[in-house]
Amino acid sequence: MTERPEKTARPRGIARRFSLVFLSAFCLLLATATIHYLLNERAGRIKHETREMLNIQLGKAAIDRDLQDVISDLTFLGRHNEATGIFQNDNADAREALAEQFRVFSKQKGKYHQIRVLDEIGQEIVRVNYGNGAPVATGETRLQNKSDRYYFNKTWGLDSRVVYVSPFDLNVEHGEIENPQVPMVRFGTLMFDTDGRKRGVLLLNYLGSALINDFKEATANIADHAMLLNSDGYWLSSSEKSREWGFMYGQDSTLAKNFPDAWRRIEAEDSGQFYNREGLFTFTTIYPVSNQQNGSGGNLETSAVNTSFFWKALSHLPPQKFSSSLGGFLTQNLPLYGVMFLLLATASFVIAQTRFFHLQAMSEVEVERNFRELLERRVEDRTQELRTTQEEKDQVIQHLIQAEKMTAIGTMASGIGHEINNPLYAILGLAEAIRDDDDDRKQAQEHAGKILAYTKDIAAIVKNLTGYARPFAGDEHQPTDVNQTIQKAVSMVERSLYGDQVKIITELGELPKITAHSKEIHQVFFNVFRNGIQSMGSAGTLEISSGFDGEKIVVRIKDSGEGIVPENLGKVFDPFFTTRDPDEGEGMGLYVVHQIIQKYQGTISFESTVGKGTTCAIEFPTNPPHNKEGSQ
């Protein structure tokens with residue numbers, strides 16, 4: 001007995017159409033995953049670029065402050081002692097009083113190796129040595145003539161009240177480099193008598209170790225690859241101690257020798273950031289003589305800045321430090337794309353079967369035309385979405401927010417998988433029933449209707465997920481219900497609680513609406529809720545309340561987690577600060593929350609007891625009824 005042709009043609013027709021739909025959808029999924037990976041890698045690079053530039057600028061600012069303080073001290077001492085008439089009343093008592101003044105000043109400041117006054121012929125009038133923290137004035141018989149020293153001649157040769165700054169080097173005593181090393185910068189200025197005549201030179205030997213320590217403290221976040229160089233490319237400060245002060249020991253190891261291409265660009269430009277085959281270089285230039293100001297804040301008389309005398313603050317990040325690996329990306333996102341793959345396969349099968357029965361009643365030409373138009377519309381719509389997304393991703397803050405969202409999606413993967421598995425199993429059972437009983441068309445249609453309903457449930461779950469992951473660019477200022485936004489954020493975090501014993505309690509009062517980007521407000525609450533849940537581990541209670549005091553909306557979030565140690569309370573809003581593992585976030589969540597709340601003139605604060613939990617208070621002011629949206 002032969003099988004009827006339509007029975008054999010039906011499975012083949014469905015299989016053929018399933019292949020067409022599924023392969024098209026899979027290609028689209030693959031393209032999406034590729035773009036996701038590229039954007040993720042770009043977001044990582046932007047994070048590194050921002051961190052490197054910020055830390056190098058902080059290092060430069062620290063050095064500029066130190067230089068400004070020294071020049072201010074030098075100017076103050078020079079002007080003050082000119083006014084006292086030191087050169088008109090040059091006697092033993094006047095010199096002793098001046099030496100005592102310098103001794104007290106040196107002890108108070110703690111950063112000057114020597115403070116000296118030299119007369120017109122280079123003879124020391126007064127000299128105070130810092131010693132080991134107990135400054136001592138040098139006796140008159142031990143004062144020396146320094147007329148042959150370069151720093152005296154350079155300073156005496158100045159034409160006006162400008163400051164001479166010597167090269168940054170190590171102190172040399174009796175022809176030998178002092179051990180342990182004593183980094184030194186000498187600052188000098190002219191001194192005048194009451195008639196305006198040049199009468200001497202005031203010199204401060206500044207202990208450069210204070211400047212280097214301030215630079216290292218300012219760049220502590222990149223301490224393993226931050227460095228300070230002189231204008232010849234020699235290291236003044238480096239994480240590798242063997243590199244430092246090479247020019248003092250006759251060594252020829254310089255940045256110019258190790259990275260010649262990079263040094264040519266760094267030497268030629270004041271500041272910048274660039275990539276080459278050796279990694280990411282971030283740099284800025286420090287001109288010591290450009291920091292000249294008097295004690296009252298006004299500019300000293302000065303000629304053009306000497307651009308040949310400079311230092312370079314620099315960081316070098318090798319390629320392996322900022323290139324994201326494909327393996328790490330797959331490990332992080334495989335659950336998400338696995339769920340999407342199963343969803344595509346199921347949806348493709350349902351579509352293929354439905355289309356087969358529908359297309360049986362149509363001509364071959366009409367089938368081809370409709371399918372082509374449908375596919376073209378989908379490709380065009382998706383291409384437009386990708387183009388829009390690409391433009392939005394160009395903003396650095398959107399990259400950082402989006403990276404934080406993807407971390408949250410990773411923590412919700414198990415909960416979402418549980419919600420999708422139930423309808424998927426139902427769909428598989430109904431599909432098997434249709435396969436085994438294909439003679440009962442009515443029963444098959446009922447099963448198909450249930451399959452479509454389950455598929456819509458899955459699509460709704462994915463829609464919520466993708467709606468959360470989508471950037472804010474299309475969202476305009478509009479009246480926003482804070483309570484409704486809280487409830488949506490609670491619904492999102494609950495998807496990450498599968499298998500956990502975390503209880504969420506909400507007590508929401510009646511609130512007025514605020515004018516805001518609703519998705520930005522949602523981002524605030526979602527990040528804070530997720531932080532509270534993460535601090536509790538697998539069990540605990542999260543209490544959420546809201547109220548209105550007549551002027552502002554107040555939302556309090558209390559968790560029963562591990563709490564925040566006092567020394568970390570002041571850092572929770574710092575970018576890249578986190579106490580958790582790298583796979584749980586980049587430390588940008590509360591930084592993003594703080595930025596959004598400040599945008600709406602709101603406040604956020606934390607109270608925490610270690611071992612008992614943390615309470616977060618968020619306040620949003622409400623606008624008077626006559627205020628316009630643009631007042632934000």
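Which residues are linked in a network of salt bridges? Select E120, D193, R197 and R199: these four make up the network. A salt bridge here is a side-chain nitrogen of Lys or Arg within 4 Å of a carboxyl oxygen of Asp or Glu. The structure holds 19 salt bridges.

Before moving on, note that this is a predicted model, where local features need pLDDT of at least 70 and side-chain atom pairs count only at pLDDT 80 or more, while totals for chains, interfaces and linings use all residues. Residues are numbered from 1 along each chain as its sequence is written, and side-chain values use heavy atoms, with hydrogens and water left out.

**Stop 1**

Select D64 and K60. Their side chains meet in a salt bridge, at 2.9 Å from N to O. They are 4 residues apart in helix α1, so about one helical turn separates them. Helices (H or I, at least four residues) and strands (E, at least two) are DSSP runs, numbered from the N terminus. D64 and K60 are both buried. Buried means under 20% relative accessible area, exposed means over 50%, and partly exposed lies in between (1.4 Å probe, protein chains only).

Go to D169 and R186. The closest N and O atoms of this salt bridge are 3.6 Å apart. D169 lies in strand β5 (residues 169–170) and R186 in strand β8 (residues 183–192), so the pair ties together parts that are 17 residues apart in sequence. D169 and R186 are each buried.

Now pick D252 and K257. Their closest N and O atoms are 3.1 Å apart, again a salt bridge. K257 is exposed, with a relative accessible area of 52%.

**Stop 2: the antiparallel sheet**

Colour the strands β11-β10-β14-β13-β12, in that order. These 5 strands form an open sheet with antiparallel pairing. Two strands pair if DSSP finds at least two bridges between them. The edge strands are β11 and β12 (271–276), each pairing on one side only. On average, neighbouring strands are turned by 30 degrees against each other, direction ignored. Axes are lines fitted to C-alpha atoms, for helices over the stretch in contact, and angles run from 0 to 180 degrees between N-to-C directions.

Zoom in on β10 (residues 226–230). Buried or exposed? Of its 5 residues, 5 are buried. A226, L228 and N230 point one way, and M227 and L229 the other way. In a regular strand, side chains alternate between the two faces of the sheet.

Check the neighbours of β10. It runs antiparallel to β14 (residues 311–317), with 5 bridges. L229 has K312 as its bridge partner there. β10 also runs antiparallel to β11 (residues 235–237), with 2 bridges. L228 stands opposite S237. The hairpin of β10 and β11 has 4 residues between the strands, and G233 takes a positive phi near 90 degrees.

Move to β13 (residues 279–286). It joins β14 by 7 antiparallel bridges. L280 pairs with L317. Helix α4 (residues 208–218) packs on the sheet, touching β10, β11 and β14. Contact means heavy atoms within 4.5 Å. Helix α6 (residues 260–268) packs on the sheet too, touching β10, β12, β13 and β14, and its direction makes about 165 degrees with that of β12.

**Stop 3: the mixed sheet**

Select β16-β18-β19-β21-β20. These 5 strands form an open sheet with mixed pairing. Its edge strands are β16 (501–508) and β20 (603–609). The twist averages 10 degrees from one strand to the next.

Helix α13 (residues 518–536) lies across β16, β18, β19, β20 and β21, at about 150 degrees to β18. Strands β20 and β21 (residues 613–621) pair antiparallel over 7 bridges. E607 has T615 as its bridge partner.

**Stop 4: A431**

Find A431 in helix α10 (residues 396–436). A431 is buried, with a relative accessible area of 16%. Not counting residues up to four places away in sequence, A431 touches F349 and I451. A431 and A448 are 17 residues apart in sequence and 8.0 Å apart in space, C-alpha to C-alpha.
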